[in-house]
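Trainee: Could we work through this model together, one question at a time, before I plan anything around it?

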Amino acid sequence: MKTKAKPPATLVVDVGGSHIKILATGQKTHVKIASGPSMTAVRMVRAVKRATRGWTFDRVSIGCPGPVING
């Protein structure tokens, strides 16, 4: 008899102009990190790693606003 594999846990990172919101599978509430014009990619990664210390996830999904070309 095969046991059903546990689906991978996902960390979701929503990059916004004033905040970065993060939530992972199994977490009850999201975490909001202040961002803004001075937020760099390096600072964002450091802040997300610090905020998710102790969380377990297998993959990361990132949403980042930007222009859509050709529809």
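Trainee: In β2, which residue is the bridge partner of Val-13?

Mentor: This is a predicted model, in which local features need pLDDT of at least 70 and side-chain atom pairs count only at pLDDT 80 or more, while totals for chains, interfaces and linings use all residues. Residues are numbered from 1 along each chain as its sequence is written, and side-chain values use heavy atoms, with hydrogens and water left out. Helices (H or I, at least four residues) and strands (E, at least two) are DSSP runs numbered from the N terminus, and two strands pair if DSSP finds at least two bridges between them. β1 and β2 run antiparallel and are joined by five bridges; Leu-11 has Ala-24 as its partner in β2, and the partner of Val-13 in β2 is Ile-22.

Trainee: And which residue in β3 is the bridge partner of Lys-21?

Mentor: β2 and β3 also run antiparallel, with four bridges joining them. Six residues lie between these strands in their hairpin, where Gly-26 takes a positive phi near 90°. In β3, the partner of Lys-21 is Lys-32.

Trainee: In which sense do β1 and β4 pair?

Mentor: Strand β4 covers residues 59-63 and is linked to β1 over five bridges. One of the pairs sets Thr-10 against Arg-59 of β4. The sense of the pairing between β1 and β4 is parallel.

Trainee: Which residues form the covered face of β2?

Mentor: In a regular strand the side chains alternate between the two faces of the sheet. In β2, the uncovered face consists of His-19, Lys-21 and Leu-23. The covered face of β2 is made of Ile-20, Ile-22 and Ala-24.

Trainee: Why do the buried residues of α1 line one face of the helix?

Mentor: Helix α1 spans residues 41-51, and Met-44, Ala-47 and Val-48 are buried in it (buried means under 20% relative accessible area, exposed over 50%, partly exposed in between, with a 1.4 Å probe and protein chains only). Seen down the axis of α1, these residues line one face because they fall within a limited arc, taken from the directions from the helix axis to the C-beta atoms. On the other side, Arg-46, Lys-49 and Arg-50 are exposed, while β1, β2 and β3 are among what covers the buried residues. The arc that holds the buried residues of α1 is 95°.

Trainee: Is Thr-52 buried or exposed, and at what relative accessibility?

Mentor: Thr-52 sits in the loop between α1 and β4. Leaving aside neighbours within four places in sequence, Thr-52 is in contact with Leu-11, Ile-22 and Phe-57, and a polar atom of its side chain lies 2.8 Å from the backbone oxygen of Val-48. Thr-52 counts as buried, its relative accessibility being 6%.

Methods. Contact = heavy atoms within 4.5 Å. Polar contact = N/O pair within 3.5 Å; in protein donor to acceptor, adjacent residues only side chain to side chain.
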